[in-house]
Amino acid sequence: MSVGLWQTPAEPAVEAVNTVVIGAGLIGAYLAARLAQANQRLVVLDARHVAGGASGRNGGLLLTGIAHSYAAAYQQYGHATTRALWQVTLRNREAMIATAQRLGTPVRRCGSTILACSDAESEELRESVALMHADGFTDAEWHADDPLNRGFLGGIVNAADGAIQPALLTAALLRESGAQLISACEVYALESQANGVLVRARDHAFLAQRVVLATNAWTPLLLPEFADLIVPGRGQVFATAPAPPVLQHSAYCDYGFVYFQQTPDKRFVLGGYRNLAFEQERTYADQTTALIQEQLEAFLARYFPELVAVPIERRWSGTMAFTSDGLPLVGRLRRDERIAFAVGFNGHGLGLGIMAAEELLSELAGGTAELFMARRLMGAAL
Ligand SMILES: Cc1cc2nc3c(=O)[nH]c(=O)nc-3n(C[C@H](O)[C@H](O)[C@H](O)COP(=O)(O)OP(=O)(O)OC[C@H]3O[C@@H](n4cnc5c(N)ncnc54)[C@H](O)[C@@H]3O)c2cc1C
């Protein structure tokens with residue numbers, strides 16, 4: 001993020017505040033709502049607008065678990081961490097549903113299916129369910145036959161998962177916070193001073209006792225400490241016009257590289273296939289491409305042929321933030337502990353976001369983040 005000299009012809013007056021939250025996505029909005037409960041003078045700044053980043057551009061799936069299957073997570077993180085991760089996502093799901101219900105934004109406990117597209121994936125999912133049951137996660141049911149009867153090679157059904165309207169939830173949280181929101185306000189520098197952190201933004205400057213970054217994929221563009229820690233990944237999606245009902249569940253398949261749902265007004269929303277062009281999709285550019293959109297259409301034609309004639313009314317892209325171990329980063333900068341962050345959601349911010357934000361709040365209250373503690377990856381800087 002940068003701002004040209006000509007865009008700030010006059011230095012703005014510096015306003016003193018308790019907390020500046022940077023990023024008006026779901027995580028920034030949730031943090032603002034929670035911090036406002038402590039009666040702080042709070043300002044939320046966003047370079048775009050409310051839910052202008054990933055929070056307004058995702059698939060809307062509210063799933064238990066992370067991008068890895070339980071079996072793959074077991075391999076990567078070990079037993080105790082995998083179990084703790086799933087417990088956290090269960091708590092997150094319930095907190096997300098309760099928050100949406102409290103604020104009156106759309107939420108459905110429509111269930112989820114994680115589907116296999118190959119024999120190897122089928123075997124991994126079957127093994128995952130066995131491991132989950134052994135760990136007490138008995139909501140997950142293994143179906144050796146395709147639960148959707150569409151040609152998938154088995155799948156996991158979790159009746160308690162759901163879907164949310166993420167942009168409306170973000171906006172409702174911000175309204176609830178009562179925080180001053182300034183849109184179209186890029187933050188381009190954070191300067192540590194003795195009496196606070198000077199937040200320099202386009203047309204505004206704040207001297208804050210605390211700065212909370214909820215900038216997800218864009219974090220490295222503001223803070224060089226994150227240059228090797230967060231990599232952007234573009235996700236592409238389309239939505240059809242209202243279509244005949246074909247699907248109840250939030251659905252996830254091909255190792256999570258494809259995801260889909262049918263909304264209450266019966267639009268079929270389908271996204272994914274970043275894995276077909278990893279290099280090209282490692283970008284901040286907000287653009288859809290023929291390569292990926294055509295593959296999404298081919299997926300629709302293969303598994304939901306009756307929808308091929310339904311017009312595709314919207315195509316869009318959004319930017320996710322990937323970390324090297326697939327988990328978010330929560331913590332404070334070592335060089336200035338007044339600067340805190342909850343970022344790096346690896347395409348699962350609806351499934352993880354509230355609990356990551358809660359870890360940050362506990363750190364701000366004098367505790368330490370646990371599962372998502374940034375220092376696991378960052379050594380000296382953070
Ligand atoms: C295509 C796609 C599909 C997805 N599907 C799902 C899904 O189905 N389920 C799920 O759980 N997750 C999904 N995700 C991931 C989920 O959307 C994100 O993890 C979540 O929205 C992250 O929220 P956030 O508030 O951290 O980030 P964002 O919503 O990206 O918000 C960050 C905000 O920070 C602002 N910002 C950044 N830098 C600055 C700066 N310097 N100054 C001012 N403002 C700044 C940006 O403008 C942006 O508004 C998907 C993501 C994408 C892109």
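Strands E4 and E8 run antiparallel and are joined by two bridges, where strands, like helices, are DSSP runs numbered from the N terminus (E, at least two residues, for strands; H or I, at least four, for helices), and two strands count as paired if DSSP finds at least two bridges between them. The model is predicted, so local features need pLDDT of at least 70 and side-chain atom pairs count only at pLDDT 80 or more, whereas totals for chains, interfaces and linings use all residues. Residues are numbered from 1 along each chain as its sequence is written. The protein chain contains 10 helices and 19 strands.

**Overall dimensions and packing**

- For 382 residues, a compact globule would have a radius of gyration near 21 Å, and the value of 21 Å for the protein chain agrees with this; the radius is taken over C-alpha atoms, and the globule rule is 2.2 Å times the number of residues to the power 0.38.
- The C-alpha trace of the protein chain spans about 65 × 45 × 40 Å along its principal axes.
- Of the 382 residues, 48% count as buried, a class that requires 20 or more other C-beta atoms within 10 Å of the residue's own, with 12 or fewer making a residue exposed, values in between making it partly exposed, and C-beta atoms placed from the backbone.
- Among the contacts in the protein chain with a separation of 6 or more, 72% come from residues 24 or more positions apart, a contact being a pair of residues whose C-beta atoms, placed from the backbone, lie within 7 Å.

**Domains and their interface**

- The protein chain is divided into domain 1 (11–56 + 168–226 + 325–378) and domain 2 (109–160 + 230–322), with bounds that come from an automatic or database domain assignment.
- The C-alpha centres of domain 1 and domain 2 are 30 Å apart, and 12 residues of domain 1 are in contact with eight residues of domain 2.
- On the side of domain 1 that touches domain 2, the residues divide into six nonpolar, six polar and no charged, where Ala, Val, Leu, Ile, Met, Phe, Trp, Tyr, Cys and Pro count as nonpolar, Asp, Glu, Lys and Arg as charged, and the others, Gly among them, as polar.

**The E3-E8-E4 sheet**

- E3, E8 and E4 form an open sheet of three strands in that order, with antiparallel pairing.
- The edge strands are E3 (61–62) and E4 (107–108), each of which pairs on one side only.

- Strand E10 (residues 187–193) pairs with strand E11 (residues 196–201) in the antiparallel sense over six bridges, and a hairpin joins E10 to E11 through two residues.
- E11 is in turn joined by five bridges to strand E12 (residues 204–213), again running antiparallel, and E11 and E12 form a hairpin with two residues between them, where Asp203 in the turn has a positive phi of about 70°.
- Val199 is the bridge partner of Leu190 in E11, and Val199 also stands opposite Phe206 in E12.

- H5 (residues 166–177) has 12 residues, which at 1.5 Å a residue should span 16 Å, and its end C-alpha atoms lie 17 Å apart, which agrees; the expected span is 1.5 Å times one less than the number of residues.
- The buried residues of H5, among them Leu169, Ala172, Leu173 and Leu174, pack against H1 (26–36), E2 (42–45), H3 (79–103), E8 (162–164), E9 (180–182) and H9 (349–364).
- H5 is followed by Gly178, whose phi is positive, near 70°.
- H1 is mostly covered, with 10 of its 11 residues buried, including Leu26, Ile27, Tyr30 and Leu31.
- The cover over the buried residues of H1 includes E1 (14–22), E2, H5, E12, E19 (339–343) and H9.

**Positive phi in loop residues other than glycine**

- Asn216, in the loop between E12 and helix H6 (219–222), has a positive phi near 35° although it is a residue other than glycine, and Asn216 is buried, with 28 other C-beta atoms within 10 Å.
- Asp254, in the loop between E14 (250–253) and E15 (258–262), is not a glycine and yet has a positive phi of about 55°; Asp254 counts as partly exposed, with 17 C-beta neighbours inside 10 Å.

Note on methods: Two residues are in contact if their C-beta atoms, placed from the backbone, lie within 7 Å.
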